[in-house]
Amino acid sequence: MLARMKAGDSDAFATLYRKYWRRLFDAAYRRIMLREECEELIQEIFTDLWTKRETLLISVTLEAYLFGALRYSIYNMIRSRKIWEAYLEHLLQMPGDAGNDTEDRLHYEELALALENSIQNLPEKLRKVYQLSRKEHLTYKEIAEREQIPVDTVEKQMGRALKILRDNLKEFAWAWIVLEMWDL
């Protein structure tokens, strides 16, 4: 099946996709527990598999290759989140150094404003779920009961909201991280 896919057989690719998609999704979901993020990671893995099929060298089974790619993708996603969280934590700590205190406070206020604007621009349902989760600290189950929607709908909406917020704030955050790293 892999050889057929490498030769450009889209039916073989579709067969492999159907064979491994659910198992990859379940493995990803156990680790990150956000449905939309899991689907996105797996989509990227299969997209890469198809686009690189002609030059792809797999020295293990396809299953081992796919699960290895999934582990790597999850690691990269978590690493990106940790950088983002470390940066936010840095801003929230507000060091006592008088030279940087005002500058750090301004950076924090700009980030907070950008985040608030992004939250306000979310579609209404996504904004509601996000605010209930992050501002009122409700669990997904509590949100589902309160809004009378299934828990998986809450998960999907929260995943979409977080993706939109990350995309909206990505450039902003990376610019400040670079400035902080270079102490500019």
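**Exercise 1. Determine the handedness with which helices α2 and α3 cross.**

Step 1. The crossing of α2 and α3 is right-handed; a crossing bears this name if the near helix is turned clockwise from the far one by less than a right angle, and it is left-handed if the turn is anticlockwise.

Step 2. The model is a predicted one, in which local features need pLDDT of at least 70 and side-chain atom pairs count only at pLDDT 80 or more, while totals for chains, interfaces and linings use all residues. Residues are numbered from 1 along each chain as its sequence is written, and side-chain values use heavy atoms, with hydrogens and water left out.

Step 3. The axes of α2 and α3 cross at roughly 145 degrees and come within 9 Å. Axes are lines fitted to C-alpha atoms, for helices over the stretch in contact, and angles run from 0 to 180 degrees between N-to-C directions. Helices (H or I, at least four residues) and strands (E, at least two) are DSSP runs, numbered from the N terminus.

**Exercise 2. Describe the residues through which α2 and α3 meet.**

Step 1. Contact means heavy atoms within 4.5 Å.

Step 2. Sorted by type, the residues of this contact comprise 16 nonpolar, two polar and three charged. Ala, Val, Leu, Ile, Met, Phe, Trp, Tyr, Cys and Pro count as nonpolar, Asp, Glu, Lys and Arg as charged, and the others, Gly among them, as polar.

Step 3. The loop between α2 and α3 contains Met33. Phi of Met33 is near 55 degrees, a positive value in a residue other than glycine.

**Exercise 3. State whether Glu37 is buried or exposed, and identify its partners.**

Step 1. Glu37 is found in helix α3. Its relative accessibility is 6%, so Glu37 counts as buried (buried: under 20% relative accessible area; exposed: over 50%; partly exposed: in between; 1.4 Å probe, protein chains only).

Step 2. Apart from neighbours within four places in sequence, Glu37 is in contact with Ile32, Met77, Arg81 and Arg166.

Step 3. With Arg166, Glu37 forms a salt bridge whose closest N and O atoms are 2.0 Å apart. A salt bridge is a side-chain nitrogen of Lys or Arg within 4 Å of a carboxyl oxygen of Asp or Glu. Arg166 lies in helix α8 (residues 151-181) and Glu37 in helix α3 (residues 35-51), so the pair ties together parts that are 129 residues apart in sequence. Arg166 is partly exposed, at 32% relative accessibility.

**Exercise 4. Locate Gln148 and report its phi.**

Step 1. Gln148 is placed in the loop between α7 (140-147) and α8.

Step 2. Its phi is positive, at about 55 degrees, although Gln148 is not a glycine. Most residues other than glycine have a negative phi.

Step 3. Gln148 counts as exposed, at 74% relative accessibility.

**Exercise 5. Summarise the protein and the confidence of its model.**

Step 1. The protein has eight helices and zero strands. Of its 184 residues, 33% count as buried.

Step 2. Among contacts with a separation of 6 or more, 59% are between residues 24 or more positions apart.

Step 3. The average pLDDT (the predictor's confidence in each residue, from 0 to 100) is 82, and 79% of the residues score at least 70. Confidence is highest in helix α2 (residues 10-32), at a mean of 93, and lowest in helix α5 (residues 98-120), at 71.

Step 4. Over residues 178-184, pLDDT stays under 50. For this stretch, the model has six contacts beyond four places in sequence.
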